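I opened the model to look up a few strands, helices and single residues. My notes are below the display.

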Amino acid sequence: MANKMEHFKTEIREYRCACGNGNYTFKWHTYRDNYFSEDVISQKEIECPVCKETHYIQDYSLVPKAVSDKTSEASNAVKDLCQIIKDYALEHYREPMFKYISSIPATRWHSLWHIGSPAIGTFRKDINATNGKEATFNRHLSGSYESTIYRIMVTLEKCNIEDLKLANWNDDLQVLIQKRNEVKELENGYLYKGQLLRDYTSYQDPKLS
Ligand SMILES: [Zn+2]
């Protein structure tokens, strides 16, 4: 028989919105089954019709849509260039990169790539598994983040590979990152944290209300 999750409680926090005439809320719906398993589903919503048009919720604050869109644009520009650099670098230099990185001790690989997680013990276990080096190499280059590009560039440097195209892209990337950070900083100044109006728990199933 299927194990049915039933609504247990909903915790609700209501904040005053930016225009001052309404609010925005956070809800955490807790569902439980007979075996003490719990699921929490969170929900957030700007209930003020005016602020709903002009703002988004970010963490516990409201941020003007125009400002948030600028930040997204700047973040996407960084991500897109990271993807281009990664695709190019792996297409041209995957082999020497892997050859170098898989030949150095685990601790050096771990620190050269600034791998925060997993810790060195697990990392070493991972690379010692069957095809572990290959899997580890792929896993830690799988995203298209700044950290991925850093790993690529530092490995190419160790391989003495100089590629003008990559160097120029990397310079461009640093400019885009700087710009993204500035826009992000600016956005922080626009965050509106509303006054907490109500903080309560409801036992009414939201589907029934
Ligand atoms: Zn409002």
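**Ground rules.** I worked on a predicted model, where local features need pLDDT of at least 70, side-chain atom pairs count only at pLDDT 80 or more, and totals for chains, interfaces and linings use all residues. Residues are numbered from 1 along each chain as its sequence is written, and side-chain values use heavy atoms, with hydrogens and water left out.

**Sheet.** I took helices (H or I, at least four residues) and strands (E, at least two) as DSSP runs numbered from the N terminus. Two strands pair if DSSP finds at least two bridges between them. I found an open sheet of four strands in the order β3-β2-β1-β6, with antiparallel pairing. β3 (38-46) and β6 (196-202) are the edge strands, each with a single partner, so one side of each has no neighbour in the sheet. From one strand to the next the twist averages 10 degrees. I then checked β1 against β6: the two pair in the antiparallel sense over six bridges. Glu14 has Arg198 in β6 as its bridge partner.

**Glu11.** I placed Glu11 in strand β1 (residues 6-16). For accessibility I used under 20% relative accessible area for buried, over 50% for exposed and partly exposed in between (1.4 Å probe, protein chains only). Glu11 has a relative accessible area of 32% and is therefore partly exposed. Contact means heavy atoms within 4.5 Å. With neighbours within four places in sequence set aside, Glu11 is in contact with Phe26, Lys27, Trp28, Thr30, Tyr200 and Thr201. I also looked up Gln178, which is 167 residues from Glu11 in sequence and 39 Å away in space, C-alpha to C-alpha.

**Hairpin.** Strand β4 (residues 55-58) pairs with β5 in the antiparallel sense over four bridges, and Tyr56 stands opposite Val63 in β5. The two strands form a hairpin with two residues between them, and Asp59 in the turn has a positive phi of about 50 degrees. In β5 (residues 61-64), Ser61 and Val63 point one way, Leu62 and Pro64 the other way, and all are buried.

**His55.** His55 is in strand β4 and counts as buried because its relative accessibility is 15%. A polar contact is a pair of N or O atoms within 3.5 Å; within protein, one must be able to donate a hydrogen and the other to accept it, and residues adjacent in sequence count only if both atoms are side-chain atoms. The side chains of His55 and Thr54 make one at 2.6 Å. Leaving aside neighbours within four places in sequence, I listed Ala18, Ile46, Leu62, Val63, Pro64 and Lys65 as contacts of His55.

**His110.** His110 lies in helix α3 (residues 106-112) and is buried, at 13% relative accessible area. A polar atom of the His110 side chain lies 2.9 Å from the backbone oxygen of Pro118. Not counting residues up to four places away in sequence, His110 touches Ile115, Pro118, Ala119, Ile120 and Phe123.

**Helix pair.** I noted that Phe123, Asp126 and Ile127 in α4 meet Gly132, Lys133, Thr136 and Arg139 in α5.

Key:
Axes are lines fitted to C-alpha atoms, for helices over the stretch in contact, and angles run from 0 to 180 degrees between N-to-C directions.
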